[in-house]
Amino acid sequence: ARRDSGSARLGIVISRRHARLAATRNAIKRNIREAFRLEQSVLGPIDLLVRPPLGIKPSAEMMTRLRALLLRLEEK
């Protein structure tokens, strides 16, 4: 959701269905937070909720895809 002012804010929804091991869930969240941190300055005032698809694995490719999605939000 867009807001009138302020900086971009991030919310992450990830459950045990996404990954059984807590270490894997935490790695997914770290990747999401890092991608957000790298693109945060261009997003402007927005509240962003990220819910990754089930079965996703933490990887550099995941972060690249998320950064591309975040850049598409910036254009709107």
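## Burial and the model

Buried means under 20% relative accessible area, exposed means over 50%, and partly exposed lies in between. The model discussed here is predicted. E39 has 7% relative accessibility, so E39 counts as buried.

E39 forms a salt bridge with R67. Their closest N and O atoms are 2.6 Å apart. This pair links distant parts of the chain: E39 sits in helix α1 and R67 in helix α2, 28 residues apart. R67 counts as partly exposed because its relative accessibility is 31%.

## Two further salt bridges

The whole structure holds 3 salt bridges. One of them joins the side chains of D47 and R9, at 2.7 Å from N to O. It too links distant parts of the chain, with D47 in strand β2 and R9 in strand β1, 38 residues apart. D47 is partly exposed at 26% relative accessibility. R9 is partly exposed at 46%.

The side chains of E34 and R37 also meet in a salt bridge, at 2.7 Å from N to O. These residues are 3 apart in helix α1, so about one helical turn separates them. E34 has 27% relative accessibility and therefore counts as partly exposed.

Strands β1 (residues 9-12) and β2 pair in the parallel sense, over 4 bridges. The chain runs from β1 through helix α1 (residues 22-43) to β2, and this β-α-β crossover is left-handed. Within the pairing, R9 stands opposite D47. G11 stands opposite L49.

Side chains alternate along β2 (residues 47-50). L48 and V50 point to one face and are buried.

## The nonpolar core

The largest nonpolar core has 16 residues. I28, I32 and L43 have the most contacts inside it. Helix α1, strand β2 and helix α2 (60-75) each give two or more residues to this core. Helix α1 gives the most, with 5 residues.

L43 touches residues beyond its neighbours within four places in sequence. Its contacts there are R2, A8, F36, L70, L73 and E74.

## A buried asparagine

N31 lies in helix α1. It counts as buried because its relative accessibility is 17%. Its side chain reaches the backbone oxygen of S59 at 3.4 Å. Leaving aside neighbours within four places in sequence, N31 is in contact with P58, S59, M62 and M63.

Methods: Residues are numbered from 1 along each chain as its sequence is written. This is a predicted model: local features need pLDDT of at least 70, side-chain atom pairs count only at pLDDT 80 or more; totals for chains, interfaces and linings use all residues. Side-chain values use heavy atoms; hydrogens and water are left out. Buried means under 20% relative accessible area, exposed over 50%, partly exposed in between (1.4 Å probe, protein chains only). Two strands pair if DSSP finds at least two bridges between them. A crossover is right-handed if, with the strands pointing away from the viewer, the path from the first strand over the helix to the second runs clockwise. A polar contact is a pair of N or O atoms within 3.5 Å; within protein, one must be able to donate a hydrogen and the other to accept it, and residues adjacent in sequence count only if both atoms are side-chain atoms. Contact means heavy atoms within 4.5 Å. A nonpolar core is a set of buried Ala, Val, Leu, Ile, Met, Phe, Trp, Tyr and Cys residues joined through side-chain atoms within 4.5 Å. A salt bridge is a side-chain nitrogen of Lys or Arg within 4 Å of a carboxyl oxygen of Asp or Glu.
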